[in-house]
Amino acid sequence: MKQSIGILDAELLFSKTRQPNLSCLKLSGYYKKQGAPVTLLEKAADVLHCKTVYLAKVFPETVVPKEILSLPHLRYGGSGFPASDAPRYLPALPDAIEHTMPDYHLYDTYIGHQIAQGARINTFKDYYDASIGRMTKDGAFHAHVKEFLDPSRKRIYLLDDNVFAYKGWQDVFSELAETKKAFQFRQGLDIRLLTDEKAAVLAKARYYGSYTFSFDRLEDRQAVADGLDLLRHYTNACARVFVPVGRPGQDVLATFQRIQLLMEHRALPFILRAPEYATSKERGMFINLGRWCNQPAIFKKKTFREFCELIGPDSAAMRYTQEYEREHPEIAKRYYDIRFETLSQSR
């Protein structure tokens, strides 16, 4: 007998992410309220055993087999797909689904299977620890926190794309404070919009983990530096800053320049590789930079050169590093040996 609704989390199935998909949680919550049986699909072949399948994808680089996307009973959507007018593509969830309580138990069976196979339960804390949702979207109000708040969960994870662009941002922080729960904005906050008032509120809030910002363009270096200095007036916490690479204006040189600025302001870079990185002639260096920066314990202690040497003299990492140094000796001389401990204490 075919099950009614199948939910396919593309990142879970095809790239092994460890974060729940909010659209999947909402779809499940909505259809369970309608009395429909809902199942999270753990294998690609399971799509054949459902009457209707909803597939959600967040990242463009996640590859979904074409034979799945072509299935007539499948509907798909999410930021990982380009805009499309294909009949089965959903550009957005209908309001009734978008504003339903997420089904926080959608992944329970999957987690149970993984633990039975030897996985550690702490690996899945994002699935069982937090309420997940958006209060703002595209600089406008989206939902009150009560719409997605499960009081039994320890924390709140917010997927707002730019909360400080919303004119009522103070109301967002007031609502969050009333829950008495720790919260975190999982997207990079726009540090260019930081003011004394915003920095003070952020520093006093019951915030969980690192303050996360984004440094997309080298042209914004002064605004980013000013924002980090402003934040430092209110907290000694070490900020984490997303550093996208691979698109125009985000080559290796621009990446090193952004990394150095962040070191000087005692902030930790986190490399995000855009899909375009895969076809770049600097692909190997982007991989090296990501491995270096995205391990804070190593990044704080090792220079880029020392990190590559640590991997091994015959490694692909060292080959990429040496090739780039031969082609760009001045860039290598300037940036291969910069050290977080030194630059972060120089100001």
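In which strand is the place of Gly-133? In this predicted model, where local features need pLDDT of at least 70 and side-chain atom pairs count only at pLDDT 80 or more, totals for chains, interfaces and linings use all residues. Residues are numbered from 1 along each chain as its sequence is written, and side-chain values use heavy atoms, with hydrogens and water left out.

Gly-133 belongs to strand S6, which covers residues 130–133; strands (E, at least two residues) and helices (H or I, at least four) are DSSP runs, numbered from the N terminus. With a relative accessible area of 1%, Gly-133 is buried, a term that means under 20% relative accessible area, whereas exposed means over 50% and partly exposed lies in between (1.4 Å probe, protein chains only). When residues up to four places away in sequence are not counted, Gly-133 touches Leu-22, Phe-148, Tyr-157, Leu-158, Leu-159 and Asp-160, contact being defined as heavy atoms within 4.5 Å. Pro-151 is 18 residues from Gly-133 in sequence, and the two C-alpha atoms are 14 Å apart in space.

A further buried strand residue is Val-243, which has a relative accessible area of 0% and sits in strand S12 (residues 240–245). Although Val-243 and Ile-271 are 28 residues apart in sequence, their C-alpha atoms are 4.8 Å apart in space. Ile-271 is also among the contacts of Val-243 beyond four places in sequence, a list including Phe-215, Leu-262 and Leu-272.

Helix H9, residues 221–232, contains 12 residues and reaches 17 Å from its first C-alpha to its last, close to the 16 Å expected at 1.5 Å a residue, where the expected span is 1.5 Å times one less than the number of residues. Its buried residues are Val-224, Ala-225, Gly-227, Leu-228, Leu-230 and Leu-231, and these pack against helix H8 (196–204), strand S11 (212–214) and helix H10 (252–264). An α-helix has 3.6 residues a turn, so residues three or four places apart point the same way.

Three loop residues were also examined. Asp-190, in the loop between strand S10 (182–185) and H8, is buried, with a relative accessible area of 13%. Its side chain is joined to that of Arg-192 by a polar contact of 3.0 Å, that is, a pair of N or O atoms within 3.5 Å, of which, within protein, one must be able to donate a hydrogen and the other to accept it, while residues adjacent in sequence count only if both atoms are side-chain atoms. Asp-138, in the loop between strand S7 (136–137) and strand S8 (140–141), is exposed at 65% relative accessibility and has a positive phi of about 55° although it is not a glycine. Lys-180, in the loop between helix H7 (169–179) and S10, is likewise not a glycine but has a positive phi of about 60°, and Lys-180 is exposed, with a relative accessible area of 65%.
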